[in-house]
Amino acid sequence: MSDQKGKLYLIPTTLGDNEPLEVLPLSVKKIIEALDTFIVENEKTARRFIKRITPRKSQPSLIILKLDKYADQLEVRSYLDVCEKGVSVGLLSEAGVPAIADPGAEIVKLAHEKNIRVVPLVGPSSIVLAMMASGFNGQNFAFNGYLPIDTSERKKAIKSLEKLSKERNQSQIFIETPYRNDKMFADLKSTLTPAAKLCIACNITLEDEYIRTLEIKDWKNEHPDLHKKPTIFIIHKD
């Protein structure tokens with residue numbers, strides 16, 4: 001791997017509206033200060049984050065390359081061409097760490113194809129933090145992304161994850177679009193067996209952080225406020 005090439009830095013961000021250096025190491029600030037080219041999902045929020053963590057950095061000098069559902073795939077494949085000229089690029093997550101439940105994975109794949117060094121930086125991952133705090137089996141767990149939107153299909157998926165957890169002693173992690181959290185919670189309570197355990201981790205690292213693990217029978221009378229709040233759900237069945 002040539003040292004003359006630029007690098008791809010995987011830059012984590014905060015999980016919510018807190019001060020960057022409360023949850024991110026100083027090394028992230030230093031890397032952002034050294035870069036001018038960033039691949040981002042949302043330009044407005046990316047610029048706001050960069051300004052918060054490095055207030056003196058010139059915003060007009062930034063080269064922002066968008067990676068969203070509207071991005072032209074042929075153009076995206078050119079985003080790392082500057083690395084061939086020795087210019088390093090930052091891949092900036094919308095929240096948390098890049099490439100984990102995040103479209104940045106395709107850029108990381110491209111970097112490996114082009115023999116460009118990938119440098120992951122330390123930062124908060126809601127998935128890992130939730131797993132750490134759940135009390136479940138940290139030796140064997142799986143992230144399942146989003147469950148089906150259709151109610152009957154979603155309930156089938158929930159039962160399948162419960163069965164898988166028991167068979168493999170494997171904690172099953174998934175997420176939901178925040179405005180559908182309450183519906184997901186209701187479906188979990190009505191679908192899982194009473195002895196199954198559920199961890200709910202909401203607004204991780206923020207002031208109103210909520211993390212709790214209970215058996216389903218004990219969740220019946222609990223009503224956490226999850227509406228429009230980023231939430232991680234974890235199922236475990238002994």
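Lys197 has Glu215 in β9 as its bridge partner. Strand β8 (residues 197–202) runs antiparallel to β9, and six bridges join the two. The model is predicted, so local features need pLDDT of at least 70 and side-chain atom pairs count only at pLDDT 80 or more, while totals for chains, interfaces and linings use all residues. Residues are numbered from 1 along each chain as its sequence is written, and side-chain values use heavy atoms, with hydrogens and water left out.

Both strands belong to an open sheet of five strands with mixed pairing, in the order β6-β7-β10-β8-β9. The edge strands, each pairing on one side only, are β6 (141–146) and β9 (210–215). From one strand to the next, the twist averages 15 degrees. Here, two strands pair if DSSP finds at least two bridges between them; strands (E, at least two residues) and helices (H or I, at least four) are DSSP runs numbered from the N terminus.

Axes are lines fitted to C-alpha atoms, for helices over the stretch in contact, and angles run from 0 to 180 degrees between N-to-C directions.

Turning to the cysteines, the count of disulfides (pairs of cysteine sulfur atoms within 2.5 Å) comes to zero. The sulfur of Cys199 is 11 Å from the closest cysteine sulfur, that of Cys202, which is too far for a bond. Cys199 is buried, at a relative accessible area of 0%, and Cys202 is also buried, at 2%. Buried stands for under 20% relative accessible area, exposed for over 50%, and partly exposed for values in between (1.4 Å probe, protein chains only).

A search of the whole structure finds one cavity of 30 Å³ or more. The largest cavity has a volume of about 40 Å³. A cavity is a set of points, on a 1 Å grid over the protein atoms alone, where a 1.4 Å probe fits but cannot get out; lining residues have an atom within 4 Å of a point. Grid points are joined across faces, edges and corners, and a volume is the space filled by probe spheres set on the points. Among the residues lining the largest cavity are Ile39, Val40, Leu91 and Leu92. Strands β2 (37–40) and β4 (89–92) each supply at least two residues of this lining.

Note on methods
1 Å grid on protein atoms, 1.4 Å probe; cavity = no way out; pocket = protein on both sides within 12 Å on 5 of 7 lines; lining within 4 Å.
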